[in-house]
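Trainee: I am new to this structure and would like to learn how its terms are applied. Could we look at it together?

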Amino acid sequence: MRKKHLLFTAIAIAVMSGSILWAADHIDAPAVTNTPSDITDLYVFQGQDKNNLVFVANTQGLLSPTATSGAHFDPNTLIEFKIDNNGDNIEDLVIQAIYKNGKMHVYGPYKPLITGTKSVIDPSEFSAETSVTKYGEAEKIEGNKKGIKVFAGPRDDPFFFDLTQFKHIIAGEASSFNNPGTDAFAGTNVLSVVVEVPKNLLGGKDKLNVWLTTRKKTEITNYKN
Amino acid sequence: MKKNSLNSLSLFLLQMIAICVIVASCKKDHQRPPERVDVYEQDDQMGRPAINTVFISAPDKDKFNTTVPTDMPAVFGAEMKAKLLALNPGYTTNLLGLTADQFIGVLSTDVLNVSKTGVTTFYDGKNVLTGRALSDDVIDVELTLLFGGPDGSANPGLTSDHVNGNDAAFIASFPYLARPH
């Protein structure tokens, strides 16, 4: 009986997670679904001050209002923006954000000590920190002398898409979208990290290639003098 | 054997990095050096919206998330092209004039192109791939490039989901995103 119930739950979860596979990056892959590492979206745009670029990392999507106050950043998950500024799609700079004791700590932009799928944080590159804004609180925004501003906390998910109708189309149950469509992400929240950076800290070239990564603390290198 | 030597090389590199980090922090803080350095290993990544979710098959999705952008075209290019042609068997070129190979050539390096000078948008009718603004209708852009043919007019029922904006208004100033529901 119990076994049957578990099997049913497993199938229900599989069906539910399969049902939403078309989104921006929300629950895109099995290893990250429902973990603090799950990226939902990356945005990079010019700030209100045209001398700045804004980097947005959204994670842990599809939070209902009631689930939002219980969602939190993970101290073992590094949120890292990769920035290539010479056109070779290899990162020349990183901006790193990591949660610790109620605050989001930001490092960089700086040239990373290593490129690729492993990272370390260079503590000497600390640039700004902000208290994480709790659900229902006014925004806490903090910055530093270099003009970097940081926000971290729950926000409305800015992504919009009629996912439900799209699923009907893919399943062969419909041949076109509805007009008007229905936004499947309306009313849901994400955990956001927003970092605004003066453009002059991002290198001399006009074009950047940016990607967002999340990384789990996996190894500790012991080193003794 | 080869794997072992690769592992020792990677361990050596990590130790070198640990030393660099410790030296850097010593110079700065004049404190006792830390005895450990944390290493963070990649779980998830994205550049442009919906690339992994649309173009990568289920068994490869975790692998895509841990493949560096420079390796993506060789590893995933063929799979992505097959997916494009499965979604739209009639694909010829798209609004950007890209053949299936050229389109996948662009998409398979999953990074977001960003301009440091001027308008930042995924596509606004004039500027293409110069960033991604909160209000950009990225799904309509991608649907049009996938299904709309050379002038964007093919498959009119599939080139827009007719959700043209977010449910909450964005803020003009930092942090720009709307407050949570």
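Mentor: Gladly! Let's begin with a definition: a salt bridge is a side-chain nitrogen of Lys or Arg within 4 Å of a carboxyl oxygen of Asp or Glu. By that rule, 4 salt bridges are found across the interface of chain B and chain A. Keep in mind that this is a predicted model, where local features need pLDDT of at least 70 and side-chain atom pairs count only at pLDDT 80 or more, while totals for chains, interfaces and linings use all residues. Residues are numbered from 1 along each chain as its sequence is written, chains are lettered from A and ligands numbered from 1 in the order in which they are written, and side-chain values use heavy atoms, with hydrogens and water left out.

Trainee: What makes B:R179 and A:E139 a salt bridge?

Mentor: Their closest N and O atoms are 2.9 Å apart, and the limit is 4 Å, so the pair qualifies.

Trainee: How do you know how many residues take part in the contact?

Mentor: Contact means heavy atoms within 4.5 Å. On that basis, chain B contributes 85 residues and chain A 106 residues.

Trainee: What is the buried area between chain B and chain A?

Mentor: Buried area is the accessible area (1.4 Å probe) that two parts lose on being put together, summed over both. Here that comes to about 8100 Å², with 62% of it on carbon and sulfur atoms. On the chain B side, B:Y40, B:K116 and B:F174 lose the most area to chain A, together 12% of what that side buries.

Trainee: Why are strand 6 of chain A and strand 1 of chain B called paired?

Mentor: Strands here are DSSP runs of E with at least two residues, and helices are runs of H or I with at least four, numbered from the N terminus. Two strands pair if DSSP finds at least two bridges between them. Strand 6 (residues 118-119) of chain A and strand 1 of chain B have 2 bridges, in the antiparallel sense, so they pair. A:K118 is the bridge partner of B:E41, and A:S119 that of B:Y40.

Trainee: Why is strand 1 of chain B described as largely enclosed?

Mentor: Buried means under 20% relative accessible area (exposed is over 50%, partly exposed in between; 1.4 Å probe, protein chains only). In strand 1 of chain B, 8 of the 11 residues are buried, so the rest of the structure largely encloses this strand.

Trainee: And how do you know that helix 6 of chain B is mostly covered?

Mentor: 10 of its 10 residues are buried, among them B:V138, B:D140 and B:F147. The buried residues of helix 6 of chain B pack against helix 3 (163-170) of chain A, together with helix 2, helix 4 (72-87) and helix 5 (100-107) of chain B.
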